[in-house]
Amino acid sequence: MNFSKKALAISPSLTLKITAMEKEMVKNGKDVIGFGAGEPDMDTPEYIKQAAVEALKKGFTKYTPASGTMDLKKAVAGRLQKKYGLSYEPAQIVISNGAKHSLFNTFQAILNPGDEVVIIAPYWVTYPELVKMADGIPVYVEALEENNFEPNLKDIEAAVTDRTVAIIVNSPSNPCGCVYSKDTLMGIAHIAQDHGLYVVADEIYDELTYDSTVHFSFPSLSEDAFERTILVNGLSKAYSMTGWRMGYTASSKKLASIMGGYQSHATSNPSSITQYASVTALNGPQDDLAAMVREFAARRDIMVSAINGIEGLKCIKPEGAFYVMLDITGIIGKKCGGKKIAGSMDFTECLLNKSLVAVVPGIAFGADHFVRLSYATSRENIENGLERIAEFVRGLQG
């Protein structure tokens with residue numbers, strides 16, 4: 001029996017793998033504290049759930065246009081206008097089954113075999129796989145912790161070749177939690193303009209920024225940036241709707257038409273009920289979102305303070321999303337029960353087995369001297385989990 005070589009080359013998600021291991025241990029009675037979650041732990045706001053019930057009662061349960069309902073496209077365009085001053089027509093919006101699906105559509109629409117996409121590391125684990133699934137080639141540019149994980153523009157310029165088609169910009173970032181400065185974004189915009197590149201702007205965490213941090217939406221930078229940007233967003237994070245599967249793109253009419261046509265054969269329309277409820281989410285009260293942001297900011301402060309109080313570990317304070325990149329460089333080479341910690345996988349496995357704390361290894365994000373912790377969990381879990389990590393580190397040999 002033969003299998004697709006392309007499919008065999010795709011790596012499964014390490015974040016989902018760690019989460020599955022954690023859930024299996026909990027199922028078997030283990031007291032595991034998990035920091036792997038890529039979703040808010042708060043429930044979907046009640047007014048959104050009630051809208052879904054209303055959709056069911058109204059019989060809004062049939063096919064919709066493949067690229068989304070007109071009401072939802074207008075709601076998305078209205079949000080982008082109100083928040084960023086961006087003027088998109090409904091024909092430029094494609095509604096999909098989550099932002100991951102929107103990214104899938106994007107790369108299927110813009111890449112041909114051998115085309116290159118610049119990806120800034122640390123990166124979300126799925127970016128390289130989505131590029132490869134579209135017969136593209138990921139090209140990596142490392143962003144350093146000492147630069148707040150913002151990329152060096154010269155490194156991006158050096159990575160561009162005559163085969164480069166796009167640059168992925170993820171701000172606020174998963175896994176780093178960094179929010180790119182306007183200067184960095186403008187520099188990327190100029191590189192894209194000079195070389196005729198698309199910018200795939202993944203802004204799924206745009207509502208989750210803290211303190212006085214300002215998020216600049218990439219297409220708002222200039223008229224040229226607006227024309228070449230494929231904006232990707234969704235409702236999963238801001239409205240705690242991860243399981244509802246609701247994402248969208250905003251791009252040129254031509255590209256939106258291509259993605260909509262592709263989606264019509266691949267999946268048809270996203271859930272009619274989710275679309276109905278999403279209109280209510282975008283147009284309704286935003287009090288739950290504001291409360292969630294305040295809570296995440298408080299949890300972030302607890303986690304960062306605790307990490308930087310552990311000898312051998314450190315982190316910088318993230319400005320957005322709900323992740324901390326924990327730098328384990330200070331304990332590389334130490335031993336856990338006779339096993340040498342050579343990188344993030346060793347750290348992750350030893351920590352889970354010995355201390356029942358689940359984190360995500362940085363190797364999944366192209367950063368093997370880090371592990372990612374999510375603070376989308378309770379303050380109690382954060383405090384108890386970090387106590388376990390501190391005890392684990394104190395017990396290492398060497």
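Let me begin at one residue: leaving aside neighbours within four places in sequence, Lys340 is in contact with Gly333, Lys334, Lys335 and Asp346, where contact means heavy atoms within 4.5 Å. Lys340 sits in strand S11, residues 339-340. Helices (H or I, at least four residues) and strands (E, at least two) are DSSP runs, numbered from the N terminus. At 51% relative accessibility, Lys340 counts as exposed. For the burial terms, buried means under 20% relative accessible area, exposed over 50%, and partly exposed in between, with a 1.4 Å probe and protein chains only. Between Lys340 and Leu396 there are 56 residues in sequence and 9.6 Å in space, C-alpha to C-alpha.

Before I go on, a word on the source. This is a predicted model, in which local features need pLDDT of at least 70 and side-chain atom pairs count only at pLDDT 80 or more, while totals for chains, interfaces and linings use all residues. Residues are numbered from 1 along each chain as its sequence is written, and side-chain values use heavy atoms, with hydrogens and water left out.

I turn to the chain as a whole. The chain has 14 helices and 14 strands. A compact globule of 398 residues would have a radius of gyration near 21 Å, and the chain agrees with its own 21 Å. That radius is taken over C-alpha atoms, and the globule rule is 2.2 Å times the number of residues to the power 0.38. The C-alpha trace spans about 60 × 55 × 55 Å along its principal axes. Of the 398 residues, 56% are buried. Among contacts with a separation of 6 or more, 74% are made by residues 24 or more positions apart. The accessible surface comes to about 17,000 Å², and 51% of this belongs to carbon and sulfur atoms; the areas come from the Shrake-Rupley method with a 1.4 Å probe, and for residues only the protein chains shown count as cover.

Next, the cysteines. How many disulfides does the structure hold? The structure holds zero, a disulfide being a pair of cysteine sulfur atoms within 2.5 Å. Cys336 is in no disulfide, and its nearest cysteine sulfur, that of Cys350, is 3.5 Å away. From the side of Cys350, the closest cysteine sulfur is the one in Cys336, and 3.5 Å is too far for a bond. Cys336 is buried at 11% relative accessible area, and Cys350 is buried at 9%.

In the loop between S4 and helix H7 (153-159) lies Asn148, with a positive phi near 60 degrees in a residue other than glycine. Phe149 is found in the loop between S4 and H7 as well; its phi is positive at about 65 degrees, although it is not a glycine. Phe149 counts as buried, at 2% relative accessibility. The loop between S5 and helix H8 (182-195) holds Pro172, joined to Ser171 by a cis peptide bond with omega about -10 degrees. Pro175 is found in the loop between S5 and H8 too, and a cis peptide bond with omega about 25 degrees joins Asn174 and Pro175.

I close with two further loop residues. Is Val359 buried or exposed? Val359 is buried, with a relative accessible area of 0%, in the loop between strand S12 (357-358) and strand S13 (360-361). Not counting residues up to four places away in sequence, Val359 touches Ile18, Phe35, Phe347, Thr348, Leu351, Val371, Arg372 and Leu373. Val359 and Ala37 are 322 residues apart in sequence and 8.9 Å apart in space, C-alpha to C-alpha.

Ala91, in the loop between helix H4 (70-84) and strand S2 (93-96), counts as partly exposed at 44% relative accessibility. Beyond its neighbours within four places in sequence, Ala91 is in contact with Lys253 and Ala256. Ala91 and Asn353 are 262 residues apart in sequence and 51 Å apart in space, C-alpha to C-alpha.
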